[in-house]
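Student: I am new to this structure. Please take one part of it and go through it closely.

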Amino acid sequence: MIQVSRRFYSSLALISLSSKQRVVYTLIELVDIFGRHTKASIIELPSFVNYETIAEFARCSRSYTVSVLTTLRKQNVISSKKSGWVVLNEKRLREEDHGQNN
């Protein structure tokens, strides 16, 4: 029941959010499910998380997803390496999700 409720909430959230918020929301969901904390607010994501994965889950185009993630990278919220994505500032990422920095 909890899984069904969570999936329903996720679907509902994706419908009501802007494109940018969907990309950020998807990134946060991936952090919550697959993220590995390495330091205080630094979280590594597995290697399968890439532009295509995030775009597909967020129901956005790859080019728009790249644009949003590039902005987050310039703000030092995330970083991408050969080994995968790294969230450098989890607090700031979650603020983006709540629309505080749109």
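This is a predicted model: local features need pLDDT of at least 70, side-chain atom pairs count only at pLDDT 80 or more; totals for chains, interfaces and linings use all residues.

Tutor: Is Ser79 buried or exposed? The relative accessible area of Ser79 is 18%, and because the cut-off for buried is under 20%, Ser79 counts as buried. Apart from neighbours within four places in sequence, the residues in contact with Ser79 are Gly84, Trp85, Val86 and Leu88.

The next topic is the nonpolar core. The largest nonpolar core has 21 residues, and those that touch the most other members are Leu27, Leu69, Leu72, Ile78 and Leu93. Two or more residues come from each of helix 2 (19–34), helix 3 (51–58), helix 4 (62–74) and strand 4 (84–87). Helix 2 contributes the most, with 6 residues. For Leu27, again leaving aside neighbours within four places in sequence, the contacts are Leu45, Ile54, Leu69, Leu72, Ile78 and Leu93.

Helix 2 also holds Lys20. The side chain of Lys20 makes a polar contact with the side chain of Glu96, at 3.1 Å. Lys20 can also be placed relative to Tyr64: the two are 44 residues apart in sequence, while their C-alpha atoms are 8.3 Å apart in space.

Key. Residues are numbered from 1 along each chain as its sequence is written. Side-chain values use heavy atoms; hydrogens and water are left out. Buried means under 20% relative accessible area, exposed over 50%, partly exposed in between (1.4 Å probe, protein chains only). Contact means heavy atoms within 4.5 Å. A nonpolar core is a set of buried Ala, Val, Leu, Ile, Met, Phe, Trp, Tyr and Cys residues joined through side-chain atoms within 4.5 Å. Helices (H or I, at least four residues) and strands (E, at least two) are DSSP runs, numbered from the N terminus. A polar contact is a pair of N or O atoms within 3.5 Å; within protein, one must be able to donate a hydrogen and the other to accept it, and residues adjacent in sequence count only if both atoms are side-chain atoms.
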